[in-house]
Amino acid sequence: AAGLMVDMRRPLLLFLALFSGTDAFQIPQPLSPVCSFLGKRGTTSWKPAGSAPLLRGLRAPVGMAKMMSGGKEVLPAVQRFVTPALGAEETREWTWRGYQIRYSKAGMRNAFTGKPPLLLIHGFGSSADTWRAQLPALADAGYQVFAIDLLGLGYSEKPPDEDYSIRLWADMALDFIDEVMGGQPAVLFGNSIGGITSLTAAATPVRKELVKAIVLMNTAAGMNTKFVAKDPASSPLLRVIATPLFALLDFLFTFEAFAEWLFGKTKTKENVTTTLKRIYVNPDRIDDAIVRATLEPADDPNALKVFVKILTGDSGQLPAEFIDQVQVPMLMVWGDEDEITPLGSGYGPYFTEQLRGERDNIELKVVNAGHVPHDDAPEAVNAAVIEWLLRKFP
């Protein structure tokens, strides 16, 4: 009975441990780093990326100047600096719904090979930089690879008044395939919330043809842990506990001082490094580059507001409610030491055992890693993924 109670408490305690930035709840691995929110590197950027209205204001005269110059293109007086993504051959920005989205790219498209392009989608509190080992490896295997920073995360713009949701990010991914990748059906890679985003995109009516296959990396079941309060698979006791607890947290986050205090506790190099050590197995992968890429975006002036909106928003539709709409081949790669989306509890068994047992087009590869297996154990993950891709799409 005691073991069952601990298992029921885990999602809530992990959620709380995320806020504390300490060991107060004695959880070995809190959720993912919360510092990797939008922004630009202060030492190299011409100005913080958070000033979206100002940026759009700077662009406004360009259109006017274009009309006054007889339709000739006039470059803006000030150019945005795009922070280069780790492992990328190119890093660019794409304008989506008026916002600037950072994306990285590697490899060349070859229409004669029949290999689909790949789109990599990161998890909460992170960015395209976590795919630093996949971009060159997958490009060397003959694939064209793209990795995006989701709106509100990483180095993409972070509008504070946006209604963040898995649906929003799924639409963004589909639009990216359409507008940047040329509309060619792509294989989606998703880690954590990037996984549920990929599944949602693949279940989208009419547009799901843009998704050719999915590679899930320790996928989450929602935008935040609120899903446990409405999941039929959760015990009645857990649902009873979770509902008032999340309501209390939502209420506390209405106080700006409380939110600033919690967010501020995570915005240190020491805390980010400690958090990464809890979600990675291999300490050698926690280098200065990934710590910097995780920490720097938290300096964006709107990072806190986005952080609060994601954590207090609706978690989204449960995977079991729409998974029948997803019929593409899937490879599931799971880190066996992940405490955030554990292999043996929560939605882990649903994905890796139940769903895989119901379909013959789903495969599983378990690696010794934590919540970010592709960056934690890149050699093992790359080998498994490339073998699967070459077998499915030679």
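Okay, let's start with a contact: in helix H4, Ile 166, Arg 167, Trp 169, Ala 170 and Leu 174 meet Ile 193, Ile 196, Thr 197, Thr 200 and Ala 201 in H5. Contact here means heavy atoms within 4.5 Å, and helices are DSSP runs (H or I, at least four residues), numbered from the N terminus. Those contact residues divide into seven nonpolar, two polar and one charged. Nonpolar covers Ala, Val, Leu, Ile, Met, Phe, Trp, Tyr, Cys and Pro; charged is Asp, Glu, Lys and Arg; the others, Gly among them, are polar.

Quick note: this is a predicted model, with local features needing pLDDT of at least 70 and side-chain atom pairs 80 or more, while totals for chains, interfaces and linings use all residues. Residues count from 1 along each chain as its sequence is written, and side-chain values use heavy atoms, leaving out hydrogens and water.

So how do H4 and H5 sit? Their axes (lines fitted to C-alpha atoms over the stretch in contact, with angles from 0 to 180 degrees between N-to-C directions) come within 8 Å and cross at roughly 70°. They're therefore roughly perpendicular, a label for 65 to 115 degrees.

Next pair: H7, residues 256–266, and H10, residues 303–312, have axes that come within 10 Å and cross at roughly 100°. That makes H7 roughly perpendicular to H10. Ala 259, Glu 260 and Phe 263 in H7 meet Ala 303, Leu 304, Phe 307 and Val 308 in H10: six nonpolar, no polar and one charged.

And confidence? The chain averages a pLDDT (the predictor's confidence in each residue, from 0 to 100) of 80, but residues 1–78 stay under 50.

Methods. Helices (H or I, at least four residues) and strands (E, at least two) are DSSP runs, numbered from the N terminus. Angles under 35 degrees count as roughly parallel, over 145 as roughly antiparallel, 65 to 115 as roughly perpendicular and the rest as oblique.
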